[in-house]
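Please keep the structure open while reading.

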Amino acid sequence: MKIAITADPVIPVPPKLYGGIERIIDMLIRGLLDKGHEVTLFAHPESSVSCNLIKYKGENPSKISDTLNNMKQVASLKRLNYDIIHSFGRLAYLTMLMPTSLPKVMSYQREPSIKMIRRAMRLSKKGSMHFTGCSGYIADQIKPYAPAYAIPNGVPIKQYTFQESITEDAPLVFLGRIEHIKGTHLAIEVAQKSGRKLIIAGNIPDDKKSKQYFDHQIKPHLNENIEYVGPVNDEQKNNLLGGAYAFLMPILWNEPFGIVMAEALACGTPIIGMDRGSVPEVVRQGINGFRCNTVEEMVNAVLQIQGLKRKEARLIAENKFSDKCIVDAYESLYFHLKNLKH
């Protein structure tokens, strides 16, 4: 198949630092190329991919002129014989292609805009517009208004080292943005009440609210048992997650899909998370972790972690959240939509 993929214009593919969606796009492109498909990517000019790259002319999504320029670039597909276009970027970029019969897929990795979805369905040729969500939690919000499929995020499974056993004093790990909705302060509370060490890794967003959160709710608790190591690269992340007693996901919002959960499972590390967003779709209670509703439940879960088999966590990652699973799922969807067209 000839497949076109669009990313947002802000971050290169793959990302140089953080950029979860861009990592998924890079993983998908590699998998599709390995399967023999022809792929074209619309993305940031500094992207480095093995497929055909069309560099966006506009890099500032807040500028109307940049958005229009990018829309026109994507619209050039009308003159070419593509089988499908898959957007991980802005739905607006598909506007000029909506009246055409070209199968279109819009993937939501965050809360969907129902207003935009309904507008897209009105503008699109009947049967040509489809959506995916990175979890059932997201896809189910779209289904009342448009065809939607749940395809989770995943990880290049071979890049993560399975750790079948860990040391008795292995720490709990929190890895993610240091902000209130991620529950970093709750991870500290869980560690303190369970009597285990905690390593906190991740970036502090560059805004006043996040900096105040770190200074007031995180920094005062740092000591020899509660350590903040800052952002980590892929190698550091692999070692950190692999050596963890458990990965903490104490989210205070309905997170669409935390890729770090798949990363932890790939290392064999069980998850202890709040039972909301996509967590119920990833964590099998008492198998690869525990779903909780309170800090007290998370503390109790820490005490039960030794009863879980780390091999089970790895197997679930391989069977549900590996790059092969994700690429196969998108490829199956492409073939399905191509057949619908005919």
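Two strands are said to pair if DSSP finds at least two bridges between them. The model shown here is predicted.

**The sheet**

Strand 4, residues 84-87, and strand 5, residues 104-108, meet this condition because they are joined over three bridges, and their pairing is parallel. Across this pair, histidine 86 stands opposite valine 105 of strand 5. In general, the strands of a sheet pair through backbone hydrogen bonds, in either a parallel or an antiparallel way.

**Serine 47**

The loop between strand 2 (38-43) and strand 3 (52-55) contains serine 47. Is serine 47 buried or exposed? Its relative accessible area is 9%, so serine 47 is buried, the limit for that label being under 20%. A polar atom of the serine 47 side chain lies 2.8 Å from the backbone oxygen of histidine 44. Apart from neighbours within four places in sequence, the residues in contact with serine 47 are Pro12, Val13 and Leu53.

**Salt bridges**

How many salt bridges does the model have? The count comes to 16.

| Pair | N to O distance |
|---|---|
| Aspartate 26 and arginine 30 | 3.0 Å |
| Glutamate 296 and lysine 193 | 3.4 Å |
| Arginine 291 and aspartate 275 | 3.4 Å |

The pair of aspartate 26 and arginine 30 sits in helix 1, which covers residues 20-34. The two residues are four apart in that helix, so about one helical turn separates them. Aspartate 26 counts as buried, at 11% relative accessibility, whereas arginine 30 is partly exposed at 49%.

Glutamate 296 and lysine 193 form a salt bridge between two helices. Glutamate 296 is in helix 10 (residues 295-304) and lysine 193 is in helix 5 (residues 184-194), so this pair ties together parts that are 103 residues apart in sequence. Glutamate 296 is partly exposed, with 46% relative accessibility, and lysine 193 is also partly exposed, with 47%.

The salt bridge between arginine 291 and aspartate 275 also links distant parts of the chain, 16 residues apart. Arginine 291 belongs to strand 13, residues 289-292. Aspartate 275 is placed in the loop between strand 12 (271-274) and helix 9 (279-282). With a relative accessible area of 26%, arginine 291 is partly exposed; aspartate 275, at 32%, is partly exposed too.

Salt bridges also occur as a network in this model, linking Lys35, Lys324, Asp328 and Glu331.

Notes
Residues numbered from 1 in each chain as written. Predicted model: local features only at pLDDT ≥ 70, side-chain atom pairs only at ≥ 80, totals over all residues. Heavy atoms only, no water. Buried < 20%, exposed > 50% of the residue type's maximum accessible area, 1.4 Å probe, protein only. Polar contact = N/O pair within 3.5 Å; in protein donor to acceptor, adjacent residues only side chain to side chain. Contact = heavy atoms within 4.5 Å. Salt bridge = Lys/Arg side-chain N within 4 Å of Asp/Glu carboxyl O.
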